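Subject: Structure for you to look over

Hello,

Please find the structure below, followed by notes on what was found in it.

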Amino acid sequence: MQRYPRNMIGYGADRPDAKWPGGAKIAVQFVLNYEEGGENNVLHGDQASEAFLSDIAGAAQWPGQRHWNMESIYEYGARAGFWRLHRLFTGAGIPLTIYGVATALARNPEQVEAMKDAGWEIASHGLKWIEHKDMPEEDERAAIAEAIRLHTEVVGEAPRGWYTGRCSSNTVRLAAETGQFAYISDTYDDDLPYWIEVDGRDQLIIPYTLEANDMRFAVSPGWIEGEQFFTYLKDSFDTLYAEGEAGKPAMFSIGLHNRLIGRPGKVAGLQRFLNYIAGFDGVWTPRRLEIAEHWAATHPPVKTERPSQMDRETFVARFGEIVEHSPWVADRAFDLELGPAHDTPAGLANALARVLRTASADERMGVLRAHPDLAGKLAAARALTDDSTAEQASAGLDALTDAERSRFTELNTAYMDKHGFPFIIAVRDHDKPGILAAFERRLGNDTDTEFGEACRQVERIARLRLETML
């Protein structure tokens, strides 16, 4: 694998200010998954009964049979749990996003009418509530198209959001290629929305959650009482609210299921949480679609250079002089397993450093000798590279007094005579007095020590140069 597709960097150490409407410190977003009637069932043409997310301990699929107890638990969600949650959220004035399985929505028209009357967003949760990991790509593409068609027929309008849940590695790409969705949520990898590019089109991703989720009433380790659910939600809210007060508002997604949180002993914990957040200012409780619309308007996609996506010729042309007069470093770095993490200054600098660290001693010596003297003859002749010229100027080395120039010449000569390569230092980390002090101190080192230090300085120079480019 020469290119690693996973994105381990995201927004990095300094995530952006979400700029939520009204200056909100946090966006708390509730999703209610509507799956009842769309789960695995031989009545639905499936090979076995459902076994996922119920109160049946150790549930397993029953091949070729109906599982009466499992069906009954799902039916509770539609018959009782949904209406309990409907009363709770409409009473609190908090709108929900429904992740609706299309076939489930088709089998529950009264609940769909109630969702629409409440002004809730009905996003798509796929055609059926089944596993997709082994589904052939063409079959999944067809299932997505049929989910959109049936959802539109049942709800009266096409879905603007998508979440499969039990997805495949193709799901996000296949959903994005439809061009239908304002957002896709089949990821769990951030506290903020973000953009990806699929086939040249920008697609907004609004990550979902499996931890602030009542599904943990049905898995181990998980919740066993409503108070545990409340405590976890409260602790999450408190942490994110404090971050928002510090200038970094984020999004808090909470996932719910009719047949789980809709039970009396569980819903009490959710009720406590709604009461708790009602006591705070600056809490935005939107539908997911409103988050998507806000993000698209406030944080539209921005095209940036992607080194990991360049061809070799472009890559070497762009970064071949980051290490002074040594394009072979960039050429070898191109052959590493690059990915999104290397599209940042720190990431690409690390790739170049790896090449330098594994190069032969002669090759590294060649890199050191390719560097110019500080304030030396090349600078006087204006023969430095553009980067070196700017760097030396930044430390005032282009405006030396006669005495300073004489001292630099003396040090350059002594250093070169002793070590066989020029003195190298990342001048952007220092001012002129600091450079002179380091020069005088390092002149006393032995050559092996200086060789190692010079190589580290080459890496540092590369890192600083990339900071201005990416």
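A crossing of two helices is called left-handed if the near helix is turned anticlockwise from the far one by less than a right angle, and right-handed if clockwise. Helices (H or I, at least four residues) and strands (E, at least two) are DSSP runs, numbered from the N terminus.

This is a predicted model, in which local features need pLDDT of at least 70 and side-chain atom pairs count only at pLDDT 80 or more, while totals for chains, interfaces and linings use all residues. Residues are numbered from 1 along each chain as its sequence is written, and side-chain values use heavy atoms, with hydrogens and water left out.

Helix pair

By the rule above, α12 passes α18 in a right-handed crossing. The axes of α12 (residues 345-358) and α18 (residues 447-467) come within 9 Å and cross at roughly 150°. Axes here are lines fitted to C-alpha atoms, for helices over the stretch in contact, and angles run from 0 to 180 degrees between N-to-C directions. Angles under 35 degrees count as roughly parallel, over 145 as roughly antiparallel, 65 to 115 as roughly perpendicular and the rest as oblique. The two helices α12 and α18 are therefore roughly antiparallel.

In contact terms (heavy atoms within 4.5 Å), the α12 residues include Pro345, Leu348, Leu352 and Leu356, and those of α18 include Val458, Arg463 and Leu466. The contact is made up of 9 nonpolar and 4 charged residues, with no polar ones. Nonpolar covers Ala, Val, Leu, Ile, Met, Phe, Trp, Tyr, Cys and Pro; charged covers Asp, Glu, Lys and Arg; the others, Gly among them, are polar.

Pocket and cavities

On a 1 Å grid over the protein atoms alone, a cavity is a set of points where a 1.4 Å probe fits but cannot get out, and a pocket is an open set with protein on both sides within 12 Å along at least five of seven lines; lining residues have an atom within 4 Å of a point. Grid points are joined across faces, edges and corners, and a volume is the space filled by probe spheres set on the points.

The largest pocket holds about 2000 Å³. Of its 50 lining residues, Asn7, Tyr194, Trp195, Ile196 and Arg306 lie nearest its centre. Strand β6 gives the largest share of this lining, 5 residues, and α12 and α18 are among the elements that each supply at least two.

There are 4 cavities of 30 Å³ or more. The largest cavity has a volume of about 110 Å³. Its lining has 13 residues, with His371, Leu374, Glu391, Gln392 and Ile425 closest to the centre. α15 and α18 are the elements that give two or more residues to that lining.

Regards
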